[in-house]
Amino acid sequence: MNDHVTDPATEAFVAHRDLLFTVAYEMLGSAADAEDVLQEAWLRWAKVDLGQVRDQRAYLVRITTRQALNRLRTLQRRKEAYVGPWLPEPLLTAPDVAEDVELSENLSMALMFILETLSPTERAVFVLREVFDIGYDDIAAAIGKSPAAARQIAYRARRHVDARRPSTPVSQEETRAALNSFQSALVTGDLQGLLDVLAPDVVFVSDGGGLKLAALRPVVGADKVLSYMAGSLGKAGGTFTSEPTTVNGNPGLILRLDDVIDGVLAFRVDNARVTGLYYVRNPEKLTCVESETPLTSR
């Protein structure tokens, strides 16, 4: 007798687990909350009569979405009391995520920061449709609305997001080149080099969560960003080092102060210049940058 036989419900859940985690994370921006959602989704899935399920993947995504929506509404209340800007938790990702152009764009810190401006239902619909190509009938079932209403919400969310992101996606190579220039100027203290790689209207967003020093609102403009960064480095009182990595499927930097992780810096690049800097310093959000997190849209 085989002691390793698993039941069909467990097999199906394990087969789709990476997808379900990605759905929950894309909606919530938090790995810990995404894991909690998966636990809740599993408890509900274990009670389902599989004989009545036509499409297990769609059904699992539906359960996960419902639980993530509930959690997202709770998170909204938490974020209202959050100190300073709220950035998603950065995830160290494998090269295959970076190779999936659409997935890496949708997982980028820049886009996920934009998603924070959507309502919970708009975010759920946008994520399911634009990131995972879920049909409107299944989206409607997940959010408890009609397919026509789901289409309207998708249209509204897409217009909102498109108005705030670059019209043409930037290649990994272009982002990496800008990051390399930025890192070189940062390490050598070349202020003019930093100015050259920063767009005039660059936005710097930092998240310390009240636990680490960070700007309480976005810093806008190359001169102001440079001044803020120089001041922050001057106050650090130690040795900063930077290590290129892949964050949320995109090039980023892990910054260390005296060999201890200080934060993760993600980039938005347009026309070979850095237009967005997203620096996560909140130590509670830096638990997933030591090992890769498997993410997938399939």
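**Rings, strands and a pocket**

User: What makes the charged end of Lys285 count as sitting over the ring of Trp86?

Analyst: The charged end of Lys285 is placed 3.9 Å from the centre of the Trp86 ring, and the term asks for NZ of Lys or CZ of Arg within 6 Å of the ring centre and within 35 degrees of the ring normal. Lys79 also has its charged end over the ring of Trp86, at 4.1 Å from the centre. The model is predicted, so local features need pLDDT of at least 70 and side-chain atom pairs count only at pLDDT 80 or more, while totals for chains, interfaces and linings use all residues. Residues are numbered from 1 along each chain as its sequence is written, and side-chain values use heavy atoms, without hydrogens and water.

User: Why is the aromatic pair of Trp45 and Tyr59 called tilted?

Analyst: The structure holds six aromatic pairs, and in the one formed by Trp45 and Tyr59 the centres are 5.9 Å apart with 50° between the planes. Rings of Phe, Tyr and Trp (its six-membered ring) pair if their centres lie within 6.5 Å, and planes under 30 degrees apart are stacked, those over 60 edge-to-face and the rest tilted, so 50° gives a tilted pair. The pair links distant parts of the chain, with Trp45 in helix H3 (residues 31-45) and Tyr59 in helix H4 (residues 56-80), 14 residues apart.

User: What kind of pair do Phe182 and Phe267 form, and why?

Analyst: Their ring centres are 5.2 Å apart and their planes stand at 80°, so the pair is edge-to-face. Because Phe182 lies in helix H11 (residues 172-188) and Phe267 in strand S5 (residues 260-270), the pair ties together parts that are 85 residues apart in sequence. Both Phe182 and Phe267 are buried, and S5 itself is mostly covered, with 10 of its 11 residues buried. Helices (H or I, at least four residues) and strands (E, at least two) are DSSP runs, numbered from the N terminus.

User: How do you know that S4 and S5 pair, and in which sense?

Analyst: DSSP must find at least two bridges between two strands for them to pair; S4 and S5 have six and run in the antiparallel sense, with Leu253 opposite Leu265 in S5. S5 also pairs in the antiparallel sense with strand S6 (residues 273-280), over seven bridges. S5 and S6 form a hairpin with two residues between them, where Asn271 has a positive phi of about 55°.

User: What makes S2 and S3 the edge strands?

Analyst: Six strands form an open sheet of mixed pairing in the order S2-S1-S6-S5-S4-S3, and strand S2 (219-220) and strand S3 (240-247) each pair on one side only. Strand S1 (residues 198-207) and S2 pair in the antiparallel sense over two bridges, with Val220 in S2 as the bridge partner of Val203.

User: Which strand gives the most to the lining of the largest pocket?

Analyst: S5 does, with four residues.

Conventions:
Buried < 20%, exposed > 50% of the residue type's maximum accessible area, 1.4 Å probe, protein only.
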